[in-house]
Amino acid sequence: MGRIFDVAAAQDIPLGTHKIVTVKGRTIGIFNIKGSYHALPNICPHQIGPLCEGKVSGTLYRDKKTWELHWTEEGEIVTCPWHGLEFRVQTGECLAYKQVKLRTYNVTQIDGRLLLEI
Amino acid sequence: MIKKGQYEDFFIVDADVHINETPEDLIPYCDLPWRKALEAIVNVPRRYLNIPGFAPQFSGNRPFWPGGFDKKTVNTPDQLREELTELGIDIAIIFPDNLLLIATFPQREYAAALARAYNAYLVDQWADKREGLKGLLLAAPQDPVDAAREINKYKDEEGIVGVYLPCGGLHTLWGHEMYNPIFEAAEAAGLPVIFHSVLTLNTAFPFNGLEQFETEFARHALAHSMSLMFNMLRLIETGVPVRYPNLKMCFIEGGISWVPYMSMRLDKEYMERRRYVQHLEKPPSHYIKNFYYGTQPIEEPENPGDLAKVIELYEGENTTMFASDWPHHDFDHPRAILNSGLSKEVKRKILGENALAFFDIDRQGKRMRSHDKKGILS
Ligand code: FES
């Protein structure tokens with residue numbers, strides 16, 4: 001169990017938004033995805049770009065059987081603002097390089113405050 | 001018997017030799033009315049790989065100098081067998097000469113008729129007619145449905161070991177969905193496909209841009225590899241290796257040093273733009289490393305060890321195949337591999353073993369038909 005830090009008021013990060021916080025010298029992105037909170041390091045594994053400052057959106061997916069193109073995971077994919085690597089916020093997975101996975105942090109909401117465990 | 005001389009130790013498969021099919025050769029195999037078109041050009045004066053109505057070179061606007069290298073042709077299976085033996089080659093894979101330019105014909109039905117005639121002629125006169133002579137079906141890109149029918153017609157022929165997909169002067173790059181019937185048929189038949197280019201100055205991209213250059217030096221330098229690069233890019237962009245995972249593909253006649261370049265460039269682009277090629281399950285280099293490559297015209301770096309480095313960069317030890325391009329002016333002798341800085345084991349693979357695996361044949365040239373045995377898709 002890591003240390004717990006009170007990082008923000010829940011109302012400061014409404015549904016579908018995210019915010020960068022600094023805890024013990026680390027910058028971390030806190031995301032509100034469909035009402036639950038997730039956190040990722042604000043450092044892209046590529047060239048250490050400020051990953052969590054990127055846009056949160058969806059992505060394109062092609063069904064291999066029908067070969068149809070779909071828009072999926074709306075509101076769940078963060079794209080690094082520097083060169084565009086995409087990450088699945090809830091899991092930290094990199095979409096381009098499946099072996100790359102960001103660490104994730106637990107965020108809990110107590111009495112309207114967001115508590116980050118690092 | 002095959003004379004091995006100094007190459008005693010090596011079993012050599014040559015992934016690219018050319019026979020000189022002429023209009024007269026194809027006349028008996030060509031359907032009407034197209035046979036009439038061939039008969040009409042029999043007496044037309046010819047140049048090397050430059051026959052009106054049969055091998056449209058689009059190069060009549062440059063000076064023709066005397067001298068220079070020989071323009072040789074292979075006209076009979078006996079001649080080919082003899083020359084291959086002289087070169088120390090055990091098995092050779094046959095491509096056409098004049099119909100290297102088939103993709104430049106604007107008329108779909110004519111191109112398809114020529115491909116049908118060539119395939120019938122190849123099977124009847126060349127493939128397996130002498131020891132170690134194997135053939136590739138010619139697919140006319142203008143008529144993919146007919147090309148798929150040709151694959152189905154000849155897929156069980158013992159002398160046929162793959163499908164040649166022309167890239168020289170090709171108007172619509174391989175990978176466009178109009179070509180799906182060809183890829184489907186080849187995959188289902190367990191036959192590999194080989195992309196082979198040629199220099200021409202027609203209006204198809206990227207050949208149209210060759211007008212920028214004044215000399216054959218410049219036009220010939222990059223035409224083949226650029227054409228292969230653009231076709232490879234299109235194949236990856238449209239997911240051909242994902243859609244046809246059991247289809248083996250080879251790129252030939254562009255040398256090999258462009259392969260690491262493409263591998264690294266496409267991976268770099270993929271990082272930024274993965275979502276435009278969402279069908280790729282892995283970065284592009286993964287697919288590039290699974291394609292096969294013919295060596296000719298092989299790079300001859302000052303430091304022979306550099307060749308081994310190039311091959312290492314695309315992990316090509318098991319996917320690189322010796323190709324001579326005999327009897328064309330820029331052909332490579334097997335010595336180019338033997339004298340390179342490659343290890344003996346890698347030389348053995350490149351000179352023969354990789355091609356045996358790719359074409360799925362044994363040392364007698366007998367088709368292994370591993371695909372049928374595995375029952376994939378059949
Ligand atoms: S730093 Fe994030 S994609 Fe390059």
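# Why these labels? A predicted two-chain model

Visitor: Why is N42(A) called buried?
Guide: In this predicted model, N42(A) has a relative accessibility of 7%. Buried is the word for values under 20%, so N42(A) counts as buried.

Visitor: Where does N42(A) sit, between which strands?
Guide: N42(A) belongs to the loop that runs between β4 (36–41) and β5 (56–62) of chain A. Leaving aside neighbours within four places in sequence, the residues in contact with N42(A) include I20(A), T27(A), I28(A) and P50(A).

Visitor: Is S324(B) buried or exposed, and how do you know?
Guide: The relative accessible area of S324(B) is 0%. That is under 20%, so S324(B) is buried. S324(B) lies in the loop between β8 (320–321) and α12 (335–338) of chain B.

Visitor: What does the side chain of S324(B) make a polar contact with?
Guide: The partner is the side chain of D14(B), at 2.3 Å. Beyond its neighbours within four places in sequence, S324(B) also has contacts with residues including D16(B), Q296(B) and F331(B).

Visitor: Why is E281(B) called partly exposed?
Guide: E281(B) has 42% relative accessibility. Under 20% would be buried and over 50% exposed, so a value of 42% makes E281(B) partly exposed. The residue is in the loop between α9 and α10 (284–290) of chain B.

Visitor: Which residues of chain A is E281(B) in contact with?
Guide: K64(A) and K98(A) are among the residues in contact with E281(B). The side chains of E281(B) and K64(A) make a polar contact at 3.3 Å.

Visitor: What makes the pair E86(A) and R274(B) a salt bridge?
Guide: Their closest N and O atoms are 2.7 Å apart. A salt bridge needs a side-chain nitrogen of Lys or Arg within 4 Å of a carboxyl oxygen of Asp or Glu, so the pair qualifies. The rule finds two salt bridges across the interface of chain B and chain A, and five residue pairs are in polar contact there, both residues at pLDDT 80 or more.

Visitor: What do R116(B) and D31(B) tie together?
Guide: Their side chains meet in a salt bridge at 2.6 Å, N to O. R116(B) lies in helix α4 and D31(B) in the loop between α1 (23–26) and α2 (34–39) of chain B, so the pair ties together parts that are 85 residues apart in sequence. R116(B), at 22% relative accessibility, counts as partly exposed, and D31(B), at 33%, counts as partly exposed too.

Visitor: How many residues apart in sequence are the parts tied by R369(B) and E158(B)?
Guide: The side chains of R369(B) and E158(B) form a salt bridge at 2.7 Å, N to O. R369(B) lies in the loop between α13 (344–359) and α14 (370–374), and E158(B) in the loop between α5 and β4 of chain B, so the parts tied are 211 residues apart.

Visitor: Where do R273(B) and E269(B) lie?
Guide: Both are in helix α9 of chain B, four residues apart, about one turn of the helix. Residues three or four places apart on an α-helix point the same way, because there are 3.6 residues a turn. The side chains of R273(B) and E269(B) meet in a salt bridge at 2.4 Å, N to O.

Terms used:
Residues are numbered from 1 along each chain as its sequence is written. Chains are lettered from A and ligands numbered from 1 in the order in which they are written. This is a predicted model: local features need pLDDT of at least 70, side-chain atom pairs count only at pLDDT 80 or more; totals for chains, interfaces and linings use all residues. Side-chain values use heavy atoms; hydrogens and water are left out. A polar contact is a pair of N or O atoms within 3.5 Å; within protein, one must be able to donate a hydrogen and the other to accept it, and residues adjacent in sequence count only if both atoms are side-chain atoms. Helices (H or I, at least four residues) and strands (E, at least two) are DSSP runs, numbered from the N terminus. Buried means under 20% relative accessible area, exposed over 50%, partly exposed in between (1.4 Å probe, protein chains only). Contact means heavy atoms within 4.5 Å.
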